[in-house]
Amino acid sequence: MAIATFSSQYLDATIQVWNQTLAADPIDLAGFTNRVLLDSKFDAQHFLLMLDGRQVVGFLWATADQATRQGWLIAMGVLPQAQHQRRGASLVTRIQQIFVGEGAQQITLAAYPASYLFPGVDTAAYPNALPFFQKLGFVKSGEAVSMQRSLVNYHRPINFDQVLTQVEALGIKIRPFQLSDTYSLLMLLSQDFAPDWQVNVRQAIKSGLASRTIIVAVNQHDEIIGYCQRAIDASAGRFGPFGVRSDMRRQHLGYVLFHTMLITMVKQHIYHVYFFWTDGDAQRFYAKNGLIVYRSYSLLKQTLAENPQTQIIDQ
């Protein structure tokens, strides 16, 4: 067995191993290309392969941000016949060593915001994963869920028009994105939200789809104070990101934006809405508005020592 870095000769085999080991999260060539290879931070030195001769029997995809000294172990898998031989642990140990050498101080398991694949370990789909990572020094830091609902029988809430009237009385308009909104929306995102949200908006605008996939809230000064988006990965029913400017929260803007998006989706014959990642107050908001949990995750992180003595376990 040997550890190598990704190259094109292993492309098909890597996708096959991904689909055999991450059966709840399959990927095809287009998805692998878009999510992995075209990621702005992709580095083949951070995509490790476990080889048995010339056969790929395991992989580990990671990335890092040197500015924040943060690393992400995004996804990994080892074929059943190569497990319980310390192969998975060897992959994790190698990426830990690489990250330490690059100055990273923390590794987050999954939860990579640029890909939005999954926020952590799905303990139902992968029951052995949580104890595996915990033995390698990862600590549980929280929980998250994926949620969804059918829109086949969706109707706007009874009080929607009343709440919308209250919002409009504040001088706020709820409408589809217009190209002239570009600067204002980017400013909102840069001031109140995560950097990757800008990436999603820029892609929608460049593709010419933003007017169909983004709803904005605009005040009397033509400032965008909230928005919601869908189809960030070309999946029409995928909802999010979604946010309201910090000083305008608790004005029912989120409620109106959310249901305006659902109403618009039904008009466009999109009859299912889902997203991969939420928790806390946001989860409670979605539950009150008809979404149900379909996957649950444990969130894991690890603080890196300057000279880690990583334990290799029998995996």
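Start by selecting the lining of the second largest pocket: its residues divide into eleven nonpolar, eleven polar and six charged. Here Ala, Val, Leu, Ile, Met, Phe, Trp, Tyr, Cys and Pro count as nonpolar, Asp, Glu, Lys and Arg as charged, and the others, Gly among them, as polar. You are viewing a predicted model, where local features need pLDDT of at least 70, side-chain atom pairs count only at pLDDT 80 or more, and totals for chains, interfaces and linings use all residues. Residues are numbered from 1 along each chain as its sequence is written, and side-chain values use heavy atoms, leaving out hydrogens and water.

Next, colour Asn34, Asn200, Gln203, Ile232 and Asp233, which lie nearest the centre of this pocket among its 28 lining residues. Now show helix H7, which supplies the largest share of this lining, five residues.

Move on to the largest pocket, with a volume of about 1200 Å³. Select Phe242, Asp281, Ala282, Phe285 and Tyr286, the closest to its centre of the 34 residues that line it. A pocket is an open set of points on a 1 Å grid over the protein atoms alone, where a 1.4 Å probe fits, with protein on both sides within 12 Å along at least five of seven lines; lining residues have an atom within 4 Å of a point. The volume is the space filled by probe spheres set on the points, which are joined across faces, edges and corners.

Last stop: threonine 63. Is its place buried or exposed? At 1% relative accessibility, threonine 63 counts as buried (under 20% relative accessible area, with a 1.4 Å probe and protein chains only; exposed is over 50%). Its side chain reaches the backbone oxygen of lysine 41 at 3.2 Å.

Notes
A polar contact is a pair of N or O atoms within 3.5 Å; within protein, one must be able to donate a hydrogen and the other to accept it, and residues adjacent in sequence count only if both atoms are side-chain atoms. Helices (H or I, at least four residues) and strands (E, at least two) are DSSP runs, numbered from the N terminus.
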